[in-house]
Amino acid sequence: MLSFLGLLAVLTGLAGAIAVTVQGARSAAGKSVSLRRPVAILTGGAVAAMLVLETAILANDFTVRYVADHHSRNTPFPFNIATGWAALEGSIVLWGLVLAGYTWATHRRYERAPDGLGAAALAVMGLVAVFFFGVMATIANPFETCIEAAARSCLDSSPIPFVSASAPADGFGPNPLLQNHILMAIHPPMLYLGYIGLTVPFAYGIAALALGRPGTAWLVESKRSTTVAWSFLTLGIVLGSWWAYEVLSWGGWWAWDPVENASFMPWLIATAFLHSSLVQIRRGMLQSWNFVLVISAFALTILGTFLTRSGTIESVHSFTQSAIGPALLGFLALILVGSFSLFALRATAVAQPSRLDSLSSREGAFLLNNLLLTVYAIVVLVGTIYPIVLEAYSGDRVTVGAPFFDRLTAPLSFGLLLAMGVGPVMPWRLARAEVVWRRIHGPLQTGLAAAAITAVALTRVGWVVAVVATSVFLISVAVRHAWVQASHASRVKKTSLVAEFRRLFQRDPGYWGGQVSHIGVAVIAIGIAFATNLSTNTQVSVVPGDVVQFDGYELTYTAPFLQRYPNREVQGARILVAKDGKQLDVLEPSLNIFANSSTAIGSPAVRTSLGGDLYLSVRAIDPESVTLRLDASPMQWLLWFGGMVTAAGGFVSYRGRLAARRDREPSLV
Amino acid sequence: MSEALRQRLRLVLTAGLAVFVVAAVVTADPPSEDRAQRIGSQIRCPVCSGESIAASPNQLATDMMDLVRELIAQGYTDDQVIEAVISGYDDAQRLSPPFNPATAALWALPGVVLIGGGAIALTRRRPSPESDQTP
């Protein structure tokens with residue numbers, strides 16, 4: 001029954017997607033047609049599909065193959081809900097739902113002032129939805145009926161509803177990695193909201209090309225969606241990294257894993273696009289470049305999905321292998337060939353009406369930022385796919401790991417940090433040296449003072465000191481800028497300083513939201529520098545009663561413990577944490593042995609304080625002794641905090657006004 | 001105090017701080033680094049998914065790390081240690097791929113794009129900033 005309802009929902013969504021495409025194209029061609037009903041059908045189908053899948057999971061309906069293969073009666077809340085999108089077919093259902101949501105929001109915006117551009121953009125979004133709902137209806141159907149059941153999974157299934165169903169008494173349950181931390185249930189939907197949101201600017205870009213209207217309208221119309229997508233993508237990456245740190249017990253937070261890279265590449269290009277679109281809106285430059293960026297950003301989200309979901313790349317994330325790989329690759333090829341052909345056809349319409357006056361200007365800084373971000377994305381892209389391409393062509397095997405990425409991205413990151421510090425206070429067109437100097441000399445002193453304190457108190461390692469200097473400089477530039485404007489206004493208007501700070505954000509949320517994001521990135525940079533350079537670790541084997549001194553802590557191993565849950569067995573060590581004779585905490589790092597997996601999954605125990613994290617993970621455990629890895633990372637929280645601030649800045653600037661304001665350049669003192 | 005004098009004092013203060021920071025960094029002792037950790041992070045754990053032997057809790061990785069420490073104690077250089085530990089495996093055990101014809105594109109591409117992109121950006125500039133009349 002649920003199989004039938006689910007398939008019905010998918011087919012409804014598909015019909016809606018086709019209708020949106022057709023009606024959108026007709027409307028763009030000048031016909032007077034309403035898009036309301038097609039969009040409603042698409043959205044309704046997408047919502048229904050997700051609801052039916054969740055219902056099947058919550059009702060333990062193992063006649064649905066997806067449920068039999070990925071759910072188990074004893075999967076606890078909220079991981080049972082998350083199972084709805086944790087595996088391949090379900091993730092496509094979520095994709096369809098989010099895409100329908102963005103389509104619905106775009107349509108609402110379109111309805112207020114219907115025009116050809118919006119209609120054409122909706123047609124493009126409909127076309128993308130046709131692909132995903134088409135995939136759901138065929139090769140990745142989440143509602144297939146199980147017709148031959150094994151003990152805890154489904155052996156054979158049929159896409160036809162109402163065949164005589166067979167069901168295992170219980171299912172296998174989700175991948176163990178997916179069911180031991182709350183962040184695992186949260187971060188993928190965040191990433192999806194980010195990935196799929198990039199469809200909106202892509203659709204507007206293609207619409208602008210198709211209609212031969214390469215002005216700024218498409219950028220202005222899609223700006224809100226781009227900002228929302230970017231903010232969610234940021235949040236998803238940060239939460240994913242936090243999850244890896246809390247769960248994967250290797251003490252790290254970023255491994256240049258292909259799946260991390262898959263989310264990072266569109267982020268880099270979307271970041272470049274956010275900045276370069278501003279240059280076009282303000283100064284009319286970079287028209288063609290913006291098309292290149294928006295097409296690339298969207299293509300990278302599809303490439304990312306391909307890398308994650310096809311099992312092409314060996315990675316802890318690639319737990320799915322199926323026919324979806326070739327389909328995604330074909331879709332990717334279609335996007336690239338189709339989009340860039342259209343772009344080439346319209347090359348004459350996409351002229352460059354305005355050129356750069358001087359490299360020393362706001363747009364010059366944006367140009368540098370775009371160059372660095374693009375090269376950054378190319379480093380990540382090439383490093384990620386080079387091994388696959390090389391092996392496919394020559395059979396040579398090569399591994400591109402963290403040392404490669406670290407070496408190439410470190411200077412790029414530093415360059416970006418510098419550009420972020422100086423860029424925002426450079427006037428448009430031409431920044432005269434004395435103007436810039438007046439705006440930065442105070443912050444420069446603050447940055448250098450912070451560097452001096454770091455060198456005296458913490459470390460004299462060159463690059464750490466340099467990162468602290470640059471980051472603190474960047475933060476002070478932004479804070480000084482806000483302070484100068486707000487205090488000036490409050491003096492002139494005799495209003496309170498707090499009110500003037502609030503007014504800054506109300507008047508130009510786009511700019512100040514961006515500044516908040518910059519501050520967040522600077523905090524992340526300091527966090528990375530500290531965590532990488534000042535962290536220490538060691539490995540110890542202890543028996544009950546042993547006391548270990550580590551990083552100023554006194555760690556006492558009291559006893560092993562064993563806990564049995566319906567879905568797993570937990571073997572752990574109870575460790576008393578004390579400092580200066582004062583008992584602080586009891587930490588219980590453990591190994592999880594899941595019913596459906598032979599490899600043990602470590603659950604580290606983390607004690608977070610303002611000063612830093614104490615991070616314990618079990619390497620091996622038996623009744624007599626335990627081998628522990630001990631990590632001390634100073635101010636690790638800076639990373640997550642900085643990430644949240646970065647994302648928050650995006651959400652602030654979401655409210656940004658869209659019109660170009662050439663004549664209201666904020667006056668700086 | 002005149003504005004010019006204040007300006008000069010600021011400049012002196014900034015320069016002084018900069019000199020102090022640079023001097024502190026330059027005169028720092030080389031960090032007492034964990035060589036085994038650094039070398040281990042360059043070698044891929046053969047039985048794990050994309051982890052280095054320094055990061056992996058796997059038994060084979062632990063054994064390989066022990067070998068790394070032993071070879072360091074015997075006076076091997078970094079390259080010799082890596083060479084010895086991955087003997088019997090291929091170059092795919094190196095997490096940082098060696099530069100050779102097969103990996104030339106990997107190493108060169110980012111630099112080529114950086115220089116090419118920079119060149120394009122520079123040539124797009126107007127000959128004279130004063131000639132601009134259009135907004």
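Start with chain B: among its contacts between residues at least 6 apart in sequence, 38% join residues at least 24 apart. Two residues count as in contact if their C-beta atoms, placed from the backbone, lie within 7 Å. This is a predicted model, in which local features need pLDDT of at least 70 and side-chain atom pairs count only at pLDDT 80 or more, while totals for chains, interfaces and linings use all residues. Residues are numbered from 1 along each chain as its sequence is written, and chains are lettered from A and ligands numbered from 1 in the order in which they are written.

Keep chain B selected and colour by secondary structure. Helices (H or I, at least four residues) and strands (E, at least two) are DSSP runs, numbered from the N terminus. Of the 135 residues in chain B, 25% are buried. Here buried means that 20 or more other C-beta atoms lie within 10 Å of the residue's own, exposed means 12 or fewer, and partly exposed is in between, with C-beta atoms placed from the backbone.

Next, show the contact between the two chains. Chain B supplies 45 residues and chain A 49 residues. On the side of chain B that touches chain A, the elements giving two or more residues are helix H1 (3–26) and helix H5 (104–123) of chain B. H1(B) gives the most, with nine residues. By class, this side of chain B has 23 nonpolar, 12 polar and 10 charged residues. Ala, Val, Leu, Ile, Met, Phe, Trp, Tyr, Cys and Pro count as nonpolar, Asp, Glu, Lys and Arg as charged, and the others, Gly among them, as polar.

Now select A:Ala469. Its contacts, not counting residues up to four places away in sequence, are A:Gly447, A:Leu448, A:Ala450, A:Ala451 and B:Val21. A:Ala469 is also one of the residues with the most contacts inside the largest nonpolar core, which has 216 residues; others include A:Phe132, A:Ile269 and A:Val468. A nonpolar core is a set of buried Ala, Val, Leu, Ile, Met, Phe, Trp, Tyr and Cys residues joined through C-beta atoms within 7 Å. A second, separate core of 16 residues includes A:Ala605, A:Val618, A:Val626 and A:Leu628.

Move to helices H9 (217–247) and H19 (637–653) of chain A, whose axes come within 8 Å and cross at roughly 165 degrees. The pair is therefore roughly antiparallel, a label for angles over 145 degrees. Among the contact residues are A:Trp230, A:Leu235 and A:Trp242 of H9(A), and A:Trp640, A:Met644 and A:Phe651 of H19(A). The contact has eight nonpolar, seven polar and no charged residues.

- Select A:Pro78, in the loop between helix H3 (65–70) and helix H4 (79–86) of chain A. The peptide bond from A:Phe77 to A:Pro78 is cis, with omega near 0 degrees.
- Select A:Trp256, in the loop between H9 and helix H10 (258–283) of chain A. Phi of A:Trp256 is near 55 degrees, a positive value in a residue other than glycine. A:Trp256 counts as buried because it has 20 C-beta neighbours inside 10 Å.
- Select A:Asp580, in the loop between strand S6 (568–579) and strand S7 (582–587) of chain A. A:Asp580 is not a glycine, yet has a positive phi of about 50 degrees. With 8 C-beta neighbours inside 10 Å, A:Asp580 counts as exposed.

Note on methods. Axes fitted to C-alpha atoms, helices over the stretch in contact; angles between N-to-C directions. Parallel < 35°, antiparallel > 145°, perpendicular 65-115°, else oblique.
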